[in-house]
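Grab your viewer and work through a few exercises on a fold. Try each task yourself before you read the solution under it.

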Amino acid sequence: MHHVKIIRCATPEEVGKRAADMYTALLQEKPACLLGLATGSTPLPLYRELVKRCEAGELDFSRVRSANLDEYKGLSGDHPQSYRYFMNTNLFDHINIDKARTIVPDGLTSDVEAMCEAYEEKIEEWGGIDLQLLGIGHDGHIGFNEPCDTFVGKTHEVELEELTREANKRFFNSIDEVPTAAYTMGIGTVMSARKVLLVATGKDKAEIVKKSFFGPVTPMVPASILQFHPDVTVIADEAALSLID
């Protein structure tokens with residue numbers, strides 16, 4: 001059952017470097033690849049490393065396309081807490097990628113269904129995701145796929161759990177400013193990626209990493225579905241892997 005590859009690193013910085021090695025290999029092999037990207041603090045060392053390698057001329061993003069996992073409902077792309085803004089400021093502004101070939105769900109859409117459908121179609125038109133990057137929430141959410149009774153396949157709107165809003169409150173002035181909903185790729189979208197890379201750092205992720213990869217597969221732990229993906233790599237620091245032998 002377990003073909004999940006686990007790479008142990010000493011520090012979050014090392015996680016970033018080891019993850020960047022996967023991107024370096026992919027871009028050499030397929031310069032016009034489609035990257036599935038994620039936001040949050042865990043991917044930041046990876047993004048810093050990608051920027052460094054791009055500046056050093058080791059990586060060329062000129063033909064790369066990207067699709068992000070999710071976006072808050074109601075936030076425009078220039079809102080400092082939007083995920084589009086996060087991607088621009090932490091990665092896209094610093095590498096030679098064409099922003100017209102980077103997609104993030106539209107937080108201001110007036111037609112949710114059409115936007116979600118167009119998102120899926122774009123990913124398909126671009127040939128599918130070659131490498132999907134994931135972080136993991138304390139409740140096991142990947143993207144904004146929260147624990148629920150079923151795995152939702154496609155890109156869709158989701159109500160955010162209090163736990164998730166609480167966790168994201170630190171970025172806003174108050175809990176009232178945290179959006180109550182988001183748009184996210186579905187579990188099916190994630191599972192159709194050719195490769196999945198999940199990064200996890202910190203002791204507070206140890207419990208959920210263990211549950212997700214060594215517990216039962218259940219939509220109550222959304223990340224557990226990755227046990228069924230044919231090509232998953234988990235790159236994590238010692239702290240996040242402290243409950244796994």
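Predicted model: local features only at pLDDT ≥ 70, side-chain atom pairs only at ≥ 80, totals over all residues.

Residues are numbered from 1 along each chain as its sequence is written, and side-chain values use heavy atoms, with hydrogens and water left out.

**Exercise 1. Work out which strands pair with β3, and in which sense.**

Step 1: strands are DSSP runs (E, at least two residues) and helices are too (H or I, at least four), numbered from the N terminus. Two strands pair if DSSP finds at least two bridges between them.

Step 2: take β2 (residues 34-37), which runs parallel to β3 with four bridges. Leu-35 sits opposite Ser-66 in β3.

Step 3: now take β5 (residues 102-103), also parallel to β3, with two bridges. Here Ala-67 faces Ile-103.

**Exercise 2. Describe how Tyr-83 pairs with Tyr-72 and with Phe-144.**

Step 1: the rings of Phe, Tyr and Trp (its six-membered ring) pair if their centres lie within 6.5 Å; planes under 30 degrees apart are stacked, over 60 edge-to-face, and the rest tilted. The structure has four such pairs.

Step 2: Tyr-72 and Tyr-83 are 4.9 Å apart centre to centre with 40° between the planes, a tilted pair. Tyr-72 belongs to strand β4 (residues 70-72) and Tyr-83 to helix α3 (residues 83-90), 11 residues apart.

Step 3: Tyr-83 and Phe-144 have ring centres 6.0 Å apart and planes at 15°, so that pair is stacked. Phe-144 lies in the loop between β6 (131-134) and β7 (156-159), so the pair ties together parts 61 residues apart in sequence.

Step 4: Tyr-83 is buried at 12% relative accessible area, and Phe-144 at 3%.

**Exercise 3. Find which residues touch the most other members of the largest nonpolar core, then look at the contacts of one of them.**

Step 1: a nonpolar core is a set of buried Ala, Val, Leu, Ile, Met, Phe, Trp, Tyr and Cys residues joined through side-chain atoms within 4.5 Å. The largest has 64 residues, and Phe-61 and Leu-226 touch the most other members. Helix α1 (residues 12-29) gives the most to this core, seven residues.

Step 2: contact means heavy atoms within 4.5 Å. Beyond four places in sequence, the contacts of Phe-61 include Leu-27, Leu-35, Cys-54 and Ile-95.

Step 3: follow Cys-54, which lies in helix α2 and is buried at 13% relative accessible area. Its C-alpha atom is 7.6 Å from that of Asn-96, 42 residues away along the chain.

**Exercise 4. Decide where the buried residues of α7 sit around the helix.**

Step 1: list the buried residues of α7 (residues 206-214): Ala-206, Ile-208, Val-209, Ser-212 and Phe-213.

Step 2: look down the axis and take the directions from the axis to the C-beta atoms. The buried residues fall within an arc of 165°, so they line one face of α7.

Step 3: ask what covers them; β9 (195-200) and β10 (232-237) are included.

Definitions and conventions:
Buried < 20%, exposed > 50% of the residue type's maximum accessible area, 1.4 Å probe, protein only.
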